Amino acid sequence: MTALLSLENIACRMGGRHILNNVSLSLEAGECVGLIGPNGAGKSTLLRIAASLEKPSGGQVILRGGKASDLSPMERARRLSYLAQAREIAWTMTAREITALGRFAWGAPLRESPEDAAALEKALAETGAAAFANRLAHTLSGGELARVHLARLLAGNTPVLLADEPVSALDPAHQLAVMKLLRAKADEGRAVIAALHELPLAARYCTRILVLHEGAIAADGSPVEILKDKLMRDVFGVRASIEQNERELRIHLDPLAD
Ligand SMILES: Nc1ncnc2c1ncn2[C@@H]1O[C@H](COP(=O)(O)OP(=O)(O)OP(=O)(O)O)[C@@H](O)[C@H]1O
Ligand SMILES: [Mg+2]
């Protein structure tokens, strides 16, 4: 099967430092990947490169078998959606108008087809943002605005979804709902990769965990294979108690010295 997204030997140098070293990965349809790693590990940089928003200093991004750099920005936007870690909106736009930006590659918001309108309404409903669709973005709470950005991500109906910390501003109920939604998007045949710091949520909803540590992939596998006490100590400097039953993996974190 052709991967929906592949990164081949990605390297990135910024500010005189190696930020990413030879990172390679392939995402297949149906995968919901949790990209985890400490602050500064390179997760956002990797997602920006995957979205072709930053040029790597080495390696290439492949979208369904073809080089992303050979595609126009519009063609890329029809294959892949990206949610940035920064959420601030400095313009006077409603939540619905921001969501409509997710349809840009199909012609909206200048010409909104019935298909655009349906995708928009669905994304607003799925993220629980319909109730404030007509509010101006700068009047929304942090979590409300985060869900509007997520609606924009989903409105494009793209095969690949890249989300940088999609649940970081959300309350517990919305964190669970959004992770369940991202997993459902993978289950319907998309490839999802989300940078996450919420390890219990990654354990519960991701089909695969990628650990980025100091710009390189330190581990890659199922949550059960990856989320182990040794890795938590080595990579995150925390102690983990992990309980597994046939239905789920539970993870509890403590400081190393306690
Ligand atoms: N434009 C830049 N110039 C210099 N260094 C940069 C630049 N952008 C990012 N970095 C550095 O690259 C490293 C990786 O940053 P990145 O934002 O990818 O980390 P991250 O894993 O997403 O971290 P976090 O969990 O805090 O969001 C950091 O040390 C950061 O300071
Ligand atoms: Mg980041």
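This is a predicted model: local features need pLDDT of at least 70, side-chain atom pairs count only at pLDDT 80 or more; totals for chains, interfaces and linings use all residues.

Tutor: Residues are numbered from 1 along each chain as its sequence is written, and chains are lettered from A and ligands numbered from 1 in the order in which they are written.

Student: Okay, what makes Leu80 buried?

Tutor: Counting. A residue is buried if 20 or more other C-beta atoms lie within 10 Å of its own, exposed if 12 or fewer, and partly exposed in between, with C-beta atoms placed from the backbone. Leu80 has 25 other C-beta atoms within 10 Å, so it counts as buried.

Student: And why is Ile98 called buried?

Tutor: Ile98 has 23 C-beta neighbours inside 10 Å, so it passes the cut-off too. Ile98 sits in helix α3 (residues 95-100). Helices (H or I, at least four residues) and strands (E, at least two) are DSSP runs, numbered from the N terminus.

Student: Which residues does Ile98 touch?

Tutor: Setting aside neighbours within four places in sequence, Ile98 is in contact with Ile89, Met93, Ala137, Val148 and Arg152. "In contact" means that the two C-beta atoms, placed from the backbone, lie within 7 Å. By that rule Leu80 touches Ala51, Leu63, Thr158, Val160 and Leu162, not counting residues up to four places away in sequence.

Student: How do you know that both faces of strand β6 are covered?

Tutor: Look at residues 80-83, which make up β6: Leu80 and Tyr82 on one side are buried, and so are Ser81 and Leu83 on the other.

Student: What makes β6 and β7 a pair?

Tutor: Two strands pair if DSSP finds at least two bridges between them. Here 4 bridges join β6 to the parallel strand β7 (residues 160-164), so the pair passes the two-bridge rule. Leu80, for one, has Val160 as its bridge partner in β7.

Student: Why is β6 called an edge strand?

Tutor: β6 belongs to an open sheet of 6 strands with mixed pairing, in the order β6-β7-β8-β3-β9-β10. Both β6 and β10 (216-221) pair on one side only, which is what puts them at the edge. Further in, β3 (residues 32-36) and β9 (residues 208-213) run parallel and share 4 bridges, with Leu35 partnered by Leu210.

Student: Where does the other sheet end?

Tutor: That sheet has 4 strands, paired antiparallel, in the order β2-β1-β4-β5. β2 (17-27) and β5 (66-67) each have a single partner strand, so one side of each lacks a neighbour in the sheet. Inside it, β1 (residues 5-14) and β4 (residues 58-63) share 5 bridges, with Glu8 opposite Gln60 and Ala11 opposite Gly58. β1 and β2 share 7 bridges, one of them between Ser6 and Ser26.

Student: How do you know that helix α1 is mostly covered?

Tutor: Of its 8 residues, 6 are buried: Lys43, Thr45, Leu46, Leu47, Ile49 and Ala50.

Student: What makes something a nonpolar core, and which residues lead the largest one?

Tutor: A nonpolar core is a set of buried Ala, Val, Leu, Ile, Met, Phe, Trp, Tyr and Cys residues joined through C-beta atoms within 7 Å. The largest one holds 75 residues, with Leu35, Ala50, Leu162, Leu182 and Val192 touching the most other members. Its largest share, 8 residues, comes from helix α5 (residues 142-155). Beyond neighbours within four places in sequence, Ala50 touches Leu5, Leu7, Val61 and Leu162.

Student: Why do such residues gather?

Tutor: In soluble globular proteins, nonpolar side chains tend to be buried together.

Student: Last one: which residues surround ligand 1?

Tutor: They are Met14, Gly15, Ile19, Gly37, Asn39, Gly40, Ala41, Gly42, Lys43, Ser44, Thr45 and Gln85. To be near the ligand, a residue needs its C-beta atom, placed from the backbone, within 6 Å of it. The largest share, 3 residues, comes from α1 (residues 43-50). By class the shell has 3 nonpolar, 8 polar and 1 charged residues. Ala, Val, Leu, Ile, Met, Phe, Trp, Tyr, Cys and Pro count as nonpolar, Asp, Glu, Lys and Arg as charged, and the others, Gly among them, as polar.
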